Amino acid sequence: MNDTRDAVEEEQPVGELTTRTMAMPADTNASGDIFGGWVVSQMDIAAGIAASQCAMERVVTVAIDSMTFIRPVKVGDVMCVYSRVLRVGRTSITLAIEAWALRHRFGYREKVTNAQFTFVAVDDNGKPIEISEEQRAKYNNA
Ligand SMILES: CC(C)(COP(=O)(O)OP(=O)(O)OC[C@H]1O[C@@H](n2cnc3c(N)ncnc32)[C@H](O)[C@@H]1OP(=O)(O)O)[C@@H](O)C(=O)NCCC(=O)NCCS
């Protein structure tokens with residue numbers, strides 16, 4: 001095993017495992033790697049699940065910040081997305097999201113992206129609504 005692999009294996013995902021999806025040939029770009037847009041959409045799905053569980057309301061994505069693509073994702077990799085709530089505001093939830101690729105055939109995982117996602121809790125008309133004090137306290141004091 002080489003030094004790079006050792007270093008990669010020392011880093012651990014931060015947050016809760018929220019989704020797992022296999023990268024398929026239909027998700028590739030012209031170079032044969034997985035599209036960045038597909039990876040971002042997987043992160044958005046996971047972040048949305050975690051944000052709606054936190055708010056206990058319908059949520060919409062309002063911002064994606066500090067998106068970093070660290071390594072490529074390959075066909076057959078299992079994309080594991082981890083989420084952690086950073087803070088809950090009056091109507092918004094900000095989360096740290098990490099995607100890790102479980103490398104097909106090699107049996108090890110590497111962090112491939114990270115970003116900060118912000119969601120807003122909305123009503124049926126798409127207007128921001130307050131997150132309950134109970135939920136805010138639960139996450140902000142955790
Ligand atoms: C999300 C949306 C409902 C917010 O409406 P708005 O009238 O701008 O809301 P507000 O200005 O009252 O802001 C609501 C919250 O979002 C936060 N917010 C707004 N823009 C933000 C940004 N760019 N980054 C981080 N937080 C942001 C505000 O700080 C506020 O948080 P708080 O209540 O916890 O303090 C509206 O912008 C929208 O519908 N956007 C499209 C969402 C969507 O369709 N997403 C899917 C992707 S296509």
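Helices (H or I, at least four residues) and strands (E, at least two) are DSSP runs, numbered from the N terminus. The structure described here is a predicted model, in which local features need pLDDT of at least 70 and side-chain atom pairs count only at pLDDT 80 or more, while totals for chains, interfaces and linings use all residues. Residues are numbered from 1 along each chain as its sequence is written.

The chain contains three helices and five strands, and along the sequence these elements follow the pattern α-β-α-β-β-β-β-α. Taken along the principal axes, its C-alpha atoms fill a box of roughly 50 × 30 × 20 Å. Of the 142 residues in the chain, 28% are buried, a residue being buried if 20 or more other C-beta atoms, placed from the backbone, lie within 10 Å of its own. Two residues are in contact if their C-beta atoms, placed from the backbone, lie within 7 Å. Among contacts between residues at least 6 apart in sequence, 72% join residues at least 24 apart.

The strands may be considered next. Two strands pair if DSSP finds at least two bridges between them. β3 and β4 run antiparallel and are joined by ten bridges; here C80 stands opposite W100 in β4. A hairpin through three residues connects β3 to β4. Eleven bridges link β4 and β5, again in the antiparallel sense, and E110 in β5 is the bridge partner of A101. The hairpin formed by β4 and β5 has six residues between the strands, and R105 in the turn has a positive phi of about 75 degrees.

Not counting residues up to four places away in sequence, A51 touches V59, I93, L95 and F119.

Finally, the ligand is surrounded by 13 residues, the closest being A63, G89, R90, T91 and S92; a residue is near a molecule if its C-beta atom, placed from the backbone, lies within 6 Å of it. β2 (58–69) and β5 each supply at least two residues of this shell, with the largest share, four residues, coming from β2. By class, the shell has six nonpolar, six polar and one charged residues, where Ala, Val, Leu, Ile, Met, Phe, Trp, Tyr, Cys and Pro count as nonpolar, Asp, Glu, Lys and Arg as charged, and the others, Gly among them, as polar.

How values were computed. A residue is buried if 20 or more other C-beta atoms lie within 10 Å of its own, exposed if 12 or fewer, and partly exposed in between; C-beta atoms are placed from the backbone.
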